[in-house]
Amino acid sequence: MSGNSVPVQLGRVSWIRTALVLMRLSWARTVSPVLLLSMLALVLLPMLFSLVFASRGALSGDPVAFLMQRYDTLVCALATPVIALLLGTSAFSAEAEDGTLLYLVTTTTPRWWIVLVRVLFAALGTALLSAVAVWGAGIIATGLHDPQGVTRAFTAASAFGGAAYGALFTALALLTRRALVAGLVYVLFWEGILSTTFPAIHYLSVRQWMLAVAGALTDANEKAITRGPSVRASLIGATVLVVWAIVAGARSLRQPRISRIGT
Amino acid sequence: MSEPVSTPANERNARDTVTDGGRAAESVALVFDHVSHWYGDVVAVNDISCTVSAGITGLLGPNGAGKSTLLQLAAGLLTPTNGSVRVYGESPTVGPAVYRRVALVPEREALPAVMSARAFVSARAELLGVRDVPFAVERALALVELDTVADRRVGGFSKGMRQRVKLAAALVHEPSLVLLDEPFNGLDPRQRLHMMRLLEDRAAAGTAVLLSSHILEEIEGVASRILVMLAGRLAASGDYRTLRRLMTDQPHTVRIRSSDDRLLASALMQVPTVIGVEVGAAGLMVRATDYASFAREVAPVAQRSSLTLYEVEATDESLEHVFAYLVAR
C-alpha cells in the first residue's frame, strides 16, 4: 500500500482463529435485548413450574414423573428448539438481510467451516441455556440429589438436541428468507403436534430423538421416553441432519442469498 | 491521449491474446466473455464482453443498468446464465481462493454496529489468512484515515466513515483486483478526493480497480477507462473523450479563441464538417458534425488565413454529454 512498501503476507487460514472470529461475529449479530429477554423467559419457564410443584410439597406427587413431563414439554418441545432457532437464525438472517454476509463469503475461509462454526455457536449456546433450565427446574423440584438421574439425562439430551436443532436452524437461515417464521412453524406444528400424534414421524423428530437419548441415560421408565425411536436411530438421524446442514449451508454460501448489495 | 474505442470485436481479440499468453493473462485482471445473467424472466446483464486491466476502470450507468450484478459476477457471487467470467484466468466461482486477489466493496453501508472498526477489519484479515494481522489492519486503517477512531463502534460512524471502514476491510490483504460499487456515496468532497487519490495510488501500484457509479463526474475524475452500461448491455467502452467521438451523428461544440474570431468564423464556414458558428464574448463557438475531421482541419484553415489559435476546446466532452447521448440513443 502507499506509504509502506512491505507487502501483506497471506497464509493458510487458522482454524482456531477463524472459529473465534466467526463466534465473535455471531455474538455481535445475535445478541440484542429482545433476544436475551426471550431466551431468559424460556429458561425461567420450567423453573416457574418447579417452584409451583415444590410449593405444594407432598401434594404434588412423584417428582420424577413431574420432571419428565416438564422436561419433555417445556425443554425438549419448547426451550431447546426455540433457543436454537433464535441462536441459529439470527446471525445469518441479519447478515443476509443487510448484505454484510458478503464480508464473510468473500474471504478464503472455507464455507463449510463458516457454517460449522455457526452451528457450533447455536449448539453451545442452546446446550448451555437448556442445561440452566434443566438444572434449575431439577434443583427447585427435587434438590441436588437428582432422582434416577433424570436431570443429568435431560442435560445430555438437551445438548444433543441443541446440536441437531442448531444445525437445522442454521441451515434454514441460509436456505430461506423467512427462517424465523419457518422455524417457529416447524417447532409448533411438526415437533409440538405432529411428532406426538403420529408415531411414524417419531423418526423424523428432533424432540423424539432427545427423548430417546434421555431415556437411555436414566433409570426412569416414563411413557414419554419409551415410546420413541431407538438411541441408535436418533444418533444416526442427528448425524445425518448435522452433515446435511453443513453441506447445504456451505453450498448456499457459494452464492449467498443477499437481499440487495447495490443497484 | 485517448485509447482506442473498444468494440465487441476488438474486445474479443484482446481477450484471445490474454488467454493465450501466460504473462499477458496476469496483466488482464478480469475478462467477461459474452456474459448474460437473468433473474427469473428479467435480464440484468445481457451479452457483455469486455476486459479490465491494471488501472482504474469506471463502470457507468443509471440505476438498474446491471452494474451491481456485473460486479457480483466478477466477484463470483453469481454464476453467469450464459458466457464466462475469468479472474486472472480462472473462474471466480470455483472456490474461495480467488479472494486472495479479489475484494468487493458493496454499495450498502451496513456493518456490524457493535463492533469497532479495528475489530471488523481484523476479522476480515483473519478470515483472509493474513499472517501479521495487527500490522495489516493498522496500515489499512491508516490508509483510509480511520486509525485515530478505529476503536470506536461503527454503529456511531457517519456514512462516509462507514464507506472508509468498508474500503479498509477490502484493502487489508492488498488485493490485486478491487471491485467497488458506488464507492463515493456519502463521502464529503475532501473524503472523495482522498479516496480518489487512494485508488489512484493503488492503480499506480498495479492494482486493477473497477468502480461503478451513476454520477458522471466521479468517474470522469478518476477512471482512465470507462464502461457504459445501459439496460444490462455494454453500450460503449473506452475513455470518455473517445466515447464522445463515437457519437458522430450528434454535433460537437468547440470553443476557439484566436487572433481574429470573426475572420476565422468565415473561414471555417467553408469546412464541410462545420454546420454553424457563433462569435461571442467567450470566443468562437463552432458546431461540427465530425470532431476528428474538424480537429484535423482547424489548424490549416487558421494558417491559411494567417490567424493565430490561442485555444481550441471541446465544450461538450464531459461524461454528462456522453451519458445523456447514450441514454437517449
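Where is the place of B:Ala231 in chain B? B:Ala231 sits in the loop between strand 8 (225-230) and strand 9 (233-238) of chain B. The views below come from a predicted model, where local features need pLDDT of at least 70, side-chain atom pairs count only at pLDDT 80 or more, and totals for chains, interfaces and linings use all residues. Residues are numbered from 1 along each chain as its sequence is written, while chains are lettered from A and ligands numbered from 1 in the order in which they are written.

View 1. Helices (H or I, at least four residues) and strands (E, at least two) are DSSP runs, numbered from the N terminus. B:Ala231 isn't a glycine, yet it has a positive phi of about 50 degrees. With 14 other C-beta atoms within 10 Å, B:Ala231 is partly exposed. (Buried takes 20 or more other C-beta atoms within 10 Å of a residue's own, exposed 12 or fewer, and partly exposed lies in between, with C-beta atoms placed from the backbone.)

**View 2. The loop at A:Asp146.** Look between helix 5 (111-142) and helix 6 of chain A to find A:Asp146. A:Asp146 is not a glycine either, and its phi is positive, at about 45 degrees. It's partly exposed, with 18 other C-beta atoms within 10 Å.

**View 3. Helix 3 and helix 6 of chain A.** The axes of helix 3 and helix 6 (residues 150-175) of chain A come within 8 Å and cross at roughly 30 degrees. Axes here are lines fitted to C-alpha atoms, for helices over the stretch in contact, and angles run from 0 to 180 degrees between N-to-C directions. Helix 3 of chain A and helix 6 of chain A are therefore roughly parallel to each other, a label for angles under 35 degrees.

**View 4. Helix 5 of chain B.** The buried residues of this helix are B:Val133, B:Ala136, B:Val137, B:Arg139, B:Ala140, B:Leu141 and B:Leu143. They pack against helix 4, helix 6 and helix 7 (189-204) of chain B. Just after helix 5 of chain B, B:Glu145 takes a positive phi of about 60 degrees.

**View 5. Where chain B meets chain A.** Here 41 residues of chain B are in contact with 34 residues of chain A; contact means C-beta atoms, placed from the backbone, within 7 Å. Helix 4 of chain B gives the most to the side of chain B that touches chain A, with four residues.

Key
Two residues are in contact if their C-beta atoms, placed from the backbone, lie within 7 Å. Angles under 35 degrees count as roughly parallel, over 145 as roughly antiparallel, 65 to 115 as roughly perpendicular and the rest as oblique.
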